Amino acid sequence: MKKLKKTIMLVLGIITAGTLTLNAQNFQGIATYQSARKMGGLSIKGDGMSPEMEKQIQESLKKQMQKEYELKFNLTESTWAEVESLEGAPAAAAGGVVMRISSNSGTKYKNTADNLFLNETEVFSKPFLVESELKNREWQLTNETKKIGNYTAQKAIFSEIVERTVISFNNDDKESTVTSDTINIEAWFTPEIPVSQGPDDFWGLPGLIMEITDGKITYLCTKVILNPEEGVKIKKPSKGKKVTPEELKVIRDEKTKEMMEKYSQGSNGDGKSFTIKIGGN
């Protein structure tokens, strides 16, 4: 009888272990994030533009930058895509120039097992599919923790150098300047959701990234659904011409140059200047 009891307990233990392994293999979920952006990285100056007009334009652009995203994930894959935007907000305008932040609603795909990153993007309305390796970041884990919803999150930090582009127009004169800025990234991840995934192209921490900021844009997780009954389908993006990041940069630089030349040729020679600064501090 004792032998039979031990055998039953052993079988139950094997079944339980097998079930846990199966559940771990099928672990998946959907996380919803909201974004918010500070306007310190974008300034708009123009002849005859009052401080009130500048503030109004910045507020309008800020509303256009508030978006909602969805991260679908399993243990090795994820897709990141915009699910709701405020594009309906009025476009900002100054001196007859209308400014609207275009929505890049393409999907971003990460595969940590294959070290693969796919990014659907557009350059002047032409679609491209950028394929590269995942960006490795040497995260520094801290002992700081906080609650995000029902989850305990731990803080991690990382610093990196990014480029900032300043485009200036003044009648027939045009100038594009590229400088470098160091940004400090702060991430909060939870080991309670054991996937090395996160918003945008961020990943590499021992748990789902619940909140991340670079000082200007912040992504905050507002809802998590784990192992939904209907399952989670993760599909690789495929829209657009496949290019490398280096090829895309060449294409973007050429199109930007064309745009600047076209703007310069269309100038009415009224002596007004216009400057847009994107990124950096």
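Visitor: At 40% relative accessibility, what does Asn227 count as?
Guide: Start with the cut-offs. Buried means under 20% relative accessible area, exposed over 50%, and partly exposed in between, with a 1.4 Å probe and protein chains only. Asn227 has 40% relative accessibility, so it counts as partly exposed.

Visitor: What pLDDT do local features need here?
Guide: Residues are numbered from 1 along each chain as its sequence is written, and side-chain values use heavy atoms, with hydrogens and water left out. This is a predicted model: totals for chains, interfaces and linings use all residues, side-chain atom pairs count only at pLDDT 80 or more, and local features need pLDDT of at least 70.

Visitor: How many helices and strands are there in the chain?
Guide: Both are DSSP runs, numbered from the N terminus: helices are H or I with at least four residues, strands are E with at least two. By that count, the chain has three helices and 16 strands.

Visitor: Where is Asn227 found, and what is its phi near?
Guide: Asn227 is in the loop between S14 and strand S15 (241-243). Most residues other than glycine have a negative phi. Asn227 has a positive value, near 45 degrees.

Visitor: Where is the place of Ser125, and is this residue buried or exposed?
Guide: Ser125 lies in the loop between strand S8 (116-123) and strand S9 (126-133). Its phi is positive too, near 75 degrees. Its relative accessible area is 64%, so Ser125 is exposed.

Visitor: How many residues of strand S13 are buried?
Guide: Strand S13 covers residues 208-213. The strand is mostly covered, with the number of buried residues being six of six.

Visitor: Which residue in S14 stands opposite Glu211?
Guide: Two strands pair if DSSP finds at least two bridges between them. S13 and strand S14 (residues 217-226) run antiparallel, joined by three bridges. Across from Glu211 in this pairing stands Leu220.

Visitor: Which residue in the turn between S13 and S14 has a positive phi?
Guide: S13 and S14 form a hairpin, with three residues between them. In the turn, a positive phi of about 95 degrees belongs to Gly215.

Visitor: Why do the rings of Tyr69 and Trp80 count as they do?
Guide: Rings of Phe, Tyr and Trp (its six-membered ring) pair if their centres lie within 6.5 Å; planes under 30 degrees apart count as stacked, over 60 as edge-to-face and the rest as tilted. This rule gives five aromatic pairs. For Tyr69 and Trp80, the centres are 4.7 Å apart and the planes at 10 degrees, so the pair is stacked.

Visitor: How many residues apart are Tyr69 and Trp80?
Guide: Tyr69 is in strand S3 (residues 67-74) and Trp80 in strand S4 (residues 77-85). Tyr69 counts as buried at 11% relative accessibility, and Trp80 as buried at 3%. The pair links distant parts of the chain, and the separation is 11 residues.

Visitor: How many residues separate Tyr69 and Tyr219?
Guide: The two form an edge-to-face aromatic pair, 5.6 Å centre to centre with 85 degrees between the planes. Tyr69 sits in S3 and Tyr219 in S14, and the separation is 150 residues.

Visitor: Which residues do ring pairs link into a cluster?
Guide: Tyr69 and Tyr219 are both buried. The cluster linked by ring pairs holds Tyr33, Tyr69, Trp80 and Tyr219.

Visitor: Which residue has Lys146 over its face?
Guide: A charge sits over a ring if NZ of Lys or CZ of Arg is within 6 Å of the ring centre and within 35 degrees of the ring normal. Lys146 is at 4.6 Å from the ring centre of Trp188.
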